[in-house]
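My entries follow the structure below.

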Amino acid sequence: MKEIRTARKLTTMGLMAAISVILIYFIHFPILPGAAFLEYDPADIPIFICTFLFGPISGLLLTVVASVVQGLTVSAQSGIIGVMMHIFATGSFVLVAGLIYRRSRTKKGALLALIFGVIVMTATMCIWNVIFTPIYSGMPRQAVIAMLPTAIIPFNLIKSGVNALVTAVLYKKISVLVFKKKLDEIGTANTSPTHL
């Protein structure tokens, strides 16, 4: 039984990593005027879902794998800084949201997990944009700081908020697919982590 669960987990995470790369390949666009380097993409949604399915450590591992694969393929132009920024941004979300949801697998717990994930991710990206954007783009650091309230904070709130909302809509449906066979095998619904 443990081997079956492990195989299902690895298969699901591999599939989600592939979906994440495909999503960023087909969907990425700027959403704020004057800040074209800040592009929305839905690549975090599969990672957020896996975090709720399997916990924060699995979510963080998937974040690193997906970020590296994206950095070597569809987002190669962003280089190592792009990979690091993705890991820091998404990693902060999955650790916070994953830990909260692991402690409270209820609708309220899921809602709090997503809200705090959005807040922490936005705050984290303020810090890392101030550090890395001048290096990546050549923009003066003071100019980046000036963009925090007008571009960087709104962008990260919108991006993480939209991805969190889509995660909330899709998670239960996907968790049923992932865990249905296991539930059938052992004849109980109490082991399913789906409460969204």
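Are α1 and α3 parallel, antiparallel, perpendicular or oblique to each other? I noted at the outset that this is a predicted model. I looked up the axes of helix α1 (residues 2–26) and α3, which come within 10 Å and cross at roughly 40°. The two helices are therefore oblique to each other, since angles under 35 degrees would count as roughly parallel. Their crossing is right-handed. From α1, I listed Lys 9, Met 13, Met 16, Ala 17, Ser 20, Val 21 and Ile 24. They meet Ser 58, Leu 61, Leu 62, Ala 66, Val 69 and Gln 70 of α3. I sorted this contact of α1 with α3 by class: 9 nonpolar, 3 polar and 1 charged residues.

**Entry: α2 with α3**

Next I turned to α2 and helix α3 (residues 56–72). Their axes come within 7 Å and cross at roughly 155°. An angle over 145 counts as roughly antiparallel, so α2 and α3 are roughly antiparallel to each other. The crossing of α2 and α3 is right-handed. On the α2 side I found Pro 46, Ile 47, Cys 50, Thr 51 and Phe 54. On the α3 side I found Pro 56, Ser 58, Gly 59, Leu 62, Thr 63 and Ala 66. By class, the contact of α2 with α3 holds 7 nonpolar, 4 polar and no charged residues.

**Entry: α2 with α4**

How do α2 and α4 run relative to each other, roughly parallel or roughly antiparallel? I read an angle of about 30° between them, with their axes 9 Å apart. They are therefore roughly parallel. The crossing of α2 and α4 is right-handed. Asp 44, Ile 47, Phe 48, Thr 51 and Phe 52 contribute from α2. Their partners in α4 are His 86, Thr 90, Phe 93, Val 94, Ala 97, Gly 98 and Tyr 101. I sorted the contact of α2 with α4 by class as 7 nonpolar, 4 polar and 1 charged residues.

**Entry: aromatic rings**

How many aromatic pairs does a search of the whole structure find? I got 10. One that I looked at is Phe 29 with Tyr 40, a tilted pair with 5.7 Å centre to centre and 50° between the planes. Phe 29 lies in strand β1 (residues 29–30) and Tyr 40 in strand β2 (residues 39–40), so this pair ties together parts 11 residues apart in sequence. Phe 29 counts as partly exposed, at 38% relative accessibility. Tyr 40 is buried, with a relative accessible area of 9%.

I then took Phe 54 and Phe 179. Their ring centres are 6.1 Å apart and their planes stand at 55°, so the pair is tilted. Phe 54 sits in helix α2 (residues 44–54) and Phe 179 in helix α6 (residues 141–186), so the pair links distant parts of the chain, 125 residues apart. Both Phe 54 and Phe 179 are buried. I also noted one aromatic cluster formed by Phe 52, Tyr 101 and Tyr 171.

**Entry: Ile 100**

Last, I looked up a single residue. Ile 100 has its place in helix α4 (residues 79–103). Is Ile 100 buried, partly exposed or exposed? I found Ile 100 partly exposed, with a relative accessible area of 24%. Not counting residues up to four places away in sequence, Ile 100 touches Gly 109, Leu 112, Ala 113 and Phe 116. I also checked Ile 100 against Pro 56: they are 44 residues apart in sequence and 9.3 Å apart in space, C-alpha to C-alpha.

Note on methods. Residues are numbered from 1 along each chain as its sequence is written. This is a predicted model: local features need pLDDT of at least 70, side-chain atom pairs count only at pLDDT 80 or more; totals for chains, interfaces and linings use all residues. Side-chain values use heavy atoms; hydrogens and water are left out. Helices (H or I, at least four residues) and strands (E, at least two) are DSSP runs, numbered from the N terminus. Buried means under 20% relative accessible area, exposed over 50%, partly exposed in between (1.4 Å probe, protein chains only). Contact means heavy atoms within 4.5 Å. Rings of Phe, Tyr and Trp (its six-membered ring) pair if their centres lie within 6.5 Å; planes under 30 degrees apart count as stacked, over 60 as edge-to-face and the rest as tilted. Axes are lines fitted to C-alpha atoms, for helices over the stretch in contact, and angles run from 0 to 180 degrees between N-to-C directions. Angles under 35 degrees count as roughly parallel, over 145 as roughly antiparallel, 65 to 115 as roughly perpendicular and the rest as oblique. A crossing is left-handed if the near helix is turned anticlockwise from the far one by less than a right angle, and right-handed if clockwise. Ala, Val, Leu, Ile, Met, Phe, Trp, Tyr, Cys and Pro count as nonpolar, Asp, Glu, Lys and Arg as charged, and the others, Gly among them, as polar.
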